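The following report describes how two chains meet in a model, with the criteria stated as they are used.

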Amino acid sequence: VPAYDEVEVGTELAATTYPVRRADLVRYAGASGDFNVIHWNERTARAVGLPDVIAHGMFTMAELGRFVTDWAGDPGRVVSLGTRFSRPVPVPDDDTGATVTVSGKVERKDDDRRTVVLALLATTPGEDGQPVKVLSGAKATVRLA
Amino acid sequence: MNKSTVGKVYRPAQTYQVGREGIGDFARAIGDANPLYLDPAAARAAGYADVIAPPTFLTAVGNRFEADNPMFDPEVEVDFSRIVHSEQRFELARPVTAGDELSVTVTITQIKDVSVHELLAWETTFHDQEGALVATAFGSVISRETAAPKTERGV
């Protein structure tokens with residue numbers, strides 16, 4: 001667990017890449033209760049104009065949360081987590097699937113509440129290999145000792 | 001969508017029993033093996049009564065009550081195939097913990113046109129069996145190209 005006094009505004013947090021495979025989406029659908037067909041059926045996804053089956057936005061947000069809770073050490077210290085969903089994450093039907101890379105930095109500190117605000121970003125490789133923003137304006141507030 | 005449903009409140013009759021299995025399944029589904037999600041002894045050592053849940057676990061709690069979800073309410077007139085998630089935020093007073101019995105209240109806070117699209121926003125509160133607020137979730141979705149056509153001025 002990082003100590004509040006040792007956290008510095010502007011510090012970049014090392015980017016982390018998480019796998020997103022079809023099997024992950026099936027498991028997430030079951031555990032979250034979100035059975036929207038576009039997250040598991042390619043025929044339906046393409047029929048509504050999507051390039052492929054797409055990951056649940058909340059699955060991608062969960063990986064954002066994991067990035068924050070791994071940094072915080074104790075997930076119970078997270079007091080706020082929010083994001084905008086800017087683009088979907090297409091997940092091809094192969095063994096590697098897609099990836100989501102989360103990065104962030106310490107945006108500000110609140111000495112009275114002893115909280116730290118992290119500004120976060122999640123991307124997935126686009127068709128040309130360049131990162132495409134999938135979560136934007138994401139923030140987390142973590143209370144530290 | 002039916003803008004007259006702004007302010008409508010949904011209160012599922014049942015509560016959600018937070019258990020170790022539900023939290024463990026969710027943690028494994030997001031690929032997170034944090035011991036505070038999976039090991040009651042580790043959670044107690046960290047000062048919690050039992051295992052705690054990842055911050056976004058509340059979405060699984062909300063999804064449990066499909067009959068009390070504005071998105072599936074015929075009165076709101078949502079075309080689910082046109083819906084994309086726009087924003088989501090969780091404010092946590094404390095971590096959700098195994099043993100919690102959560103009461104859920106969903107309120108439609110906004111329905112408005114955004115150019116040719118429509119936006120639906122809601123707020124969900126989660127209270128425990130003591131009546132204390134555990135968390136509030138704020139969500140919004142965009143309904144693609146469902147806004148009523150605008151009448152041009154002077155035509």
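## Interface of chains A and B

Chain B and chain A of this predicted model bury about 2400 Å² between them, 55% of it on carbon and sulfur atoms, where buried area is the accessible area (1.4 Å probe) lost when two parts are put together, summed over both. Local features need pLDDT of at least 70 and side-chain atom pairs count only at pLDDT 80 or more, while totals for chains, interfaces and linings use all residues. Residues are numbered from 1 along each chain as its sequence is written, chains are lettered from A in the order in which they are written, and side-chain values use heavy atoms, with hydrogens and water left out.

The contact (heavy atoms within 4.5 Å) takes 28 residues from chain B and 29 residues from chain A. On the side of chain B that touches chain A, 13 residues are nonpolar, eight polar and seven charged, with Gly counted among the polar ones. Across this interface the rule finds zero salt bridges, each defined as a side-chain nitrogen of Lys or Arg within 4 Å of a carboxyl oxygen of Asp or Glu.

Strand E3 (83-92) of chain B gives eight residues, the largest share of the side of chain B that touches chain A. Strands here are DSSP runs of at least two residues, numbered from the N terminus, and two of them pair if DSSP finds at least two bridges between them.

| Strand paired with E3(B) | Sense | Bridges |
|---|---|---|
| E2 (residues 78-85) of chain A | antiparallel | five bridges |
| E6 (residues 133-143) of chain B | antiparallel | nine bridges |

B:Gln88 stands opposite A:Thr83 and has B:Gly139 as its bridge partner in E6(B), whereas B:Glu91 stands opposite A:Ser80.

Definitions and conventions
Helix = DSSP H or I, 4+ residues; strand = E, 2+ residues; numbered from the N terminus.
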